[in-house]
Amino acid sequence: MLNAFEVKVQLTKDRTIDVSLPFGGKKGRKTDVTGVELYSLEPDGCPAVRVYQKRGEWRVGAAGFVPSPAGAMPECWDDIAKQPSWELPRQFQAPGAAIAVNSPDALFGQASPDAIVQEMIAGLRAPAASHSAPSDAGKKRLGIKRAPSAAKPTEEKKPAQSQPSKRPELPPEGVPVSENGRRFAVRPFAEDDLRLAASLPEYQALWLGRLLPEGKRPTAVSIQLAESALMASVMMQPAYRDSGGSILAVFVRRDAVFFAGYKLGRPALWRRCPGVGGYEAMRAAVKKTLGVEEELVDSVLDDSLVDPRPALEPFLHPVLEQMELARAYLESRHSINSERVLLLGLPSGAGQWSRFAEESLKIKVEPADPFAGFALDKGVEIARPQAFLPAIGAALAAMEVES
Amino acid sequence: MTGAALHLNLLKDSEHRSSSPVRLRVMMPLLAMLATIGALVWWGTNLTQLVIVKTQADSLDADIKSKSREHAEAIRQQGEVRETQLGLDQLEFYRTGVRHIAEPLAKLAEVMPIKVQLTGLSVSRLPPQNLARPKGVKGPPLWGPPTNVETQKFVVAGRTTKAPPLSALMESLDGPGFEGLAGTAGDPATGRKGTVVSFRQDSAPAKDGSRLLTFEVEYIMPERRFAK
């Protein structure tokens, strides 16, 4: 959303200039954004949430699953010509949209400035983040036509003289920078000389930027990686606000578990739990160990009729070890006392996680509702709320909510 | 705490698109084209008007040049007409100003009393006419007098034996038929038109030795007007 004193003039399809009038003011903050997660492996479509602010209150105007865009995300520059046009249902037609994307070619994590510059030098030749790589079954649902490795040999065979001779500079905070075929964005960590970095191939960023058509609501105002949006999804959580933005959160996704630490609202830790799959792996362990059908897994995890401890213990043991390490890191480096840990993203079995954590670590792991802190509009009914975390986070980050 | 610290936006500002159905990318060239066409039409209209006016001016100029001789002749003739008309007007003024005193003089003989002997009838001379223009005003001399009203005096001189014949003469001159000589105004003290300038005994006695009385009576003649 632009304020009254700034005019955005699109000269060509790819070129836009900002014209700021001399008496112009500060850029206005967005107050109505639809967050949507693309290629989330959700069978019902793309989770989408419309978040807006009304009279100081944050509200959810709509939440649901929307059909995925036609076609697949490009895997090389040649694919960018096949640009689909994607329109969201009426209830999600906010002025702007924040897209959280899952891409096997994306890179997200904490890194030193040197490491980020090295990534920028490597550009498209950089290996995709292993934690982002989907399974073979997932690739089909993600719309990936061929493995990334199939497209890369030609790039790797580039002659040495084609490599850039000039060392790229670390991108300024919050400003996306294109370098060697990739787009980078960084944010500083709370205190350490570390950065939170996100990167995506340039052709995918361009493709995503044009996905929502011009002249119709909504248009893209922010493109984020799903992990980045996930990290921002805690901003409205009461526990996060009560702690002054200094807390440890555990995000459980379908295929991975992440630890995120915050200090006074700034990122202090981002780490994927190594050697552990997401809740799909947990459910598979329950099914295999207890011999139950898929339909009964949720009942086993949430009800007390059957003790799932034998199935959960091997799965949760490394998670709790990593949680302890994360707590120790936050306490020693950032003086954050993580007696309370937020647990988000788990569709079932959150109670079991809390119980295990309390028994073994003597800490309180609090399962959280992703929509806590929001007022829901009349008629908004949310099934599987944990699936909307990245969409909520993308919208909140795009609105740059102050808490 | 601010959400900006967690916002890793990969969308560049230059890639933002407007959600407004009015697309500046489309509208700007259209508006620019319309403005250009409007300016061209305006410029063309002005140019056409300029050409038309210039053509008309050239035509008028040629027409004026072609008629300049006739125009000068017409102007000269108009001047002549004005001068002639002016002369005619002045002649008319003089004609109006002519005094008709022949008839009153002829009639004077009929009313002259027996005991009166006229020794002179005179009309005062007019002052010389000043036909020079007022100081500072250039031009030819004036056609007529600076004032259009002139007055003259008619003086009757003669001898008589006593006063009644003179009174009879003055009474006759006050009567009808002598307005051209005696005018209309008179001496309010006597109620006569004429003013007795002198009435005395003649210095030389007559043949029979009697003494005669000489008199001089002055009349203000009617005003002579130079006007139509």
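The notes below follow that order.

I worked on a predicted model, in which local features need pLDDT of at least 70, side-chain atom pairs count only at pLDDT 80 or more, and totals for chains, interfaces and linings use all residues. Residues are numbered from 1 along each chain as its sequence is written, while chains are lettered from A and ligands numbered from 1 in the order in which they are written.

I looked up the secondary structure of chain A and found 11 helices and 17 strands, taken as DSSP runs (helices H or I, at least four residues; strands E, at least two) numbered from the N terminus.

I then turned to the contact between the chains, which takes 46 residues from chain A and 25 residues from chain B, two residues being in contact if their C-beta atoms, placed from the backbone, lie within 7 Å. On the side of chain A that touches chain B, strand β11 (residues 219–225) gives the most, with six residues.

Next I traced an open sheet of five strands in chain A, with mixed pairing and the order β14-β13-β12-β15-β16, where strands pair if DSSP finds at least two bridges between them. Because β14 (266–272) and β16 (364–367) of chain A each have a single partner strand, they stand at the edges and one side of each is left without a neighbour in the sheet. Within the sheet, β12 (residues 247–252) and β15 (residues 340–344) of chain A run parallel and are joined by four bridges; I noted A:L342 in β15(A) as the bridge partner of A:A249.
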